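Thanks for sending this one over. Below are my notes, written as numbered points so that you can follow along in your viewer.

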Amino acid sequence: MGFSEKKIAVIGGGLGGMAFMNSAIHTGLRNVHLYEAAAEFTEVGAGVNITKNANRVLDTFGLGEDMLWRSSRNPPSYMEYRHYRTGEYLGQIDEFGDPKSRQIHRAHLLDVLRKKVPDEMLSTGKKLEALEWSVEQNSYILTFKDKTTTTADIVIGCDGIKSAVRKHLGFKDSPIYSGQMVYRGYVSYDDLTAETAELLHKTVNFRGPQRHVLTLPIGNDESKTSRIGIIAFMTEPLEGWTSESWLDKAPIDDLYEHVKDWTGAVQEIIAGLRKGHPDGLILKQTLYVREPTEKWFRTDTAENGIILIGDSVHSTLPHQGMETDPQKTGQGACMAIESGFALSQILQHWPSSSGDLQSALQCFQDIRKPRTDKITKTSYEAGKIASCAIPEEMWIDTFKPDVIRDRMKWVMEYDLLGDIRSKLISKEQERSESYDGDGAKGVEVRA
Ligand SMILES: Cc1cc2nc3c(=O)[nH]c(=O)nc-3n(C[C@H](O)[C@H](O)[C@H](O)COP(=O)(O)OP(=O)(O)OC[C@H]3O[C@@H](n4cnc5c(N)ncnc54)[C@H](O)[C@@H]3O)c2cc1C
């Protein structure tokens, strides 16, 4: 059954690629190898918020405990909103039930994901440069920057928004600038007044015109991982960006210029950033997004193909619900985790012993694309709207946390496992009139 015997190459060892490796191991795919361009597995940036929908998947792999050891615990709300200038409480979105959202340092999450993947399934320093189908060898030939090569039957591109695998699939489009730059850094609770420290034990969104400062209470005291991740979204023209990379360092003063008349808690955040980053520099990133893509894969034979997951195909702007678009959610990593799980289940349990990778990958795309397109689209529209001036007097009419929460439920309460299972069962029913359900029964539905 399925493609469990096939040699699978995963390109990219970020959160998406490493989550796929956990899915593959959990599902029973063994002939899988991940190739990462960097010399070691690292994640840059502040913390990340992993929500219920993705935590259900990660808990299925048995990662919950390790993750919780280094995550925030029982945050009192999903997000609290504050007025940027006065600091006034504007409302909050309550949590979506168990498992709750977890705010964790990116490097710690990568570490949790890395632990269960045996070393022999991973290679670093392998930047993919060329990918070709070889009729003679009946496999893909992958060539890396260090001039080494390898072969694979199936290639999975998890190499981020500027994906090399995507280029090899023939896509000519470029990522689109969202209109916003994001400043990212950390603040220690010790560098804040008691009142602000207490406030920032919650996820807080200081909402300003065309800008917002998001604070994530990362980690916890028990594992000594507790600190505040600062993610500040500021509308800026791209013309001011001189770096060749889309991720660089910038003076904290640049962020301060945006927020110098904001509330006292934000001034404390700026002072805290200065203490925590003595060189006066924090990460600054240009925020890009891609329009939804029509086809996520290509096949060269009934058993050989290339498929994209994660930011390489369904990147989304990292907004977590603002006044203008209630469906805005920071979901890129969560979507990559969901997609990795869905893909490994389909590859392992596809109800055909005679290949038909084309149908398997199409089924995977049919499960994932409507959901990721909806998230990408709402985030992209929101990014555009966020770049417009919304008169402050309209905020009160457009900002309704209860409505926001209701409209985010489809993201959080989605039953991925059930969806995969029902699609596999209907495929098996299509295939065999005397259906016995063996393939689909292999899908473990654990919530
Ligand atoms: C400011 C910000 C905040 C965010 N907050 C959240 C959040 O709270 N929650 C959430 O769910 N998501 C969030 N996201 C989105 C999330 O970070 C991304 O969606 C997620 O990290 C994508 O993972 P990925 O593995 O697909 O890609 P990436 O993380 O980009 O990883 C790609 C990997 O591939 C490697 N690579 C690249 N090219 C090659 C090559 N040619 N050969 C080999 N390897 C290669 C790279 O080195 C890298 O390790 C946020 C994003 C931003 C920018």
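The points below go from the ligand shell to the sheets and then to the helices.

1. A word on the source before anything else: this is a predicted model. Please read each point below as a description of that prediction.

2. I would begin with the ligand. Its shell holds 33 residues, and the closest are Gly12, Gly14, Gly160, Gly310 and Gly332. Two or more residues of this shell come from each of helix H1 (15-27), strand E3 (47-50), strand E12 (176-187) and helix H10 (332-349). H10 provides the largest share, with 4 residues.

3. Next, have a look at the six-stranded sheet. It is open, its order is E7-E2-E1-E11-E19-E18, and its pairing is mixed. Strand E7 (122-123) and E18 each have a single partner strand, so one side of each has no neighbour in the sheet. As a reminder, strands of a sheet pair through backbone hydrogen bonds, either parallel or antiparallel.

4. Strand E18 (residues 297-301) and strand E19 (residues 304-308) run antiparallel and are joined by 4 bridges. The hairpin that connects E18 to E19 passes through 2 residues. Which residue of E19 is the bridge partner of Thr301? That partner is Asn304. Further along the pair, Arg298 stands opposite Ile306 in E19.

5. Strand E9 (residues 139-144) is linked to E10 by 4 bridges, and the two run antiparallel. Within this pair, Thr143 faces Thr149 in E10.

6. For the helix packing, see helix H7 (residues 252-259) and helix H8 (residues 264-276). Their axes are 11 Å apart, and the packing angle is about 175°. With that angle, H7 is roughly antiparallel to H8. On the H7 side the contact involves Ile252, Tyr256 and Val259, which meet Val266, Ile270, Leu273 and Arg274 in H8. By class, the residues of this contact are 6 nonpolar, no polar and 1 charged. An α-helix has 3.6 residues a turn, so residues three or four places apart point the same way.

7. Finally, is helix H2 (residues 52-60) mostly covered or mostly open? H2 is mostly covered, with 7 of its 9 residues buried. Those buried residues are Lys52, Asn53, Ala54, Asn55, Arg56, Val57 and Leu58. After H2 comes Gly62, which has a positive phi near 80°.

Terms used: Residues are numbered from 1 along each chain as its sequence is written. This is a predicted model: local features need pLDDT of at least 70, side-chain atom pairs count only at pLDDT 80 or more; totals for chains, interfaces and linings use all residues. A residue is near a molecule or strand if its C-beta atom, placed from the backbone, lies within 6 Å of it. Two strands pair if DSSP finds at least two bridges between them. Axes are lines fitted to C-alpha atoms, for helices over the stretch in contact, and angles run from 0 to 180 degrees between N-to-C directions. Angles under 35 degrees count as roughly parallel, over 145 as roughly antiparallel, 65 to 115 as roughly perpendicular and the rest as oblique. Two residues are in contact if their C-beta atoms, placed from the backbone, lie within 7 Å. Ala, Val, Leu, Ile, Met, Phe, Trp, Tyr, Cys and Pro count as nonpolar, Asp, Glu, Lys and Arg as charged, and the others, Gly among them, as polar. A residue is buried if 20 or more other C-beta atoms lie within 10 Å of its own, exposed if 12 or fewer, and partly exposed in between; C-beta atoms are placed from the backbone.
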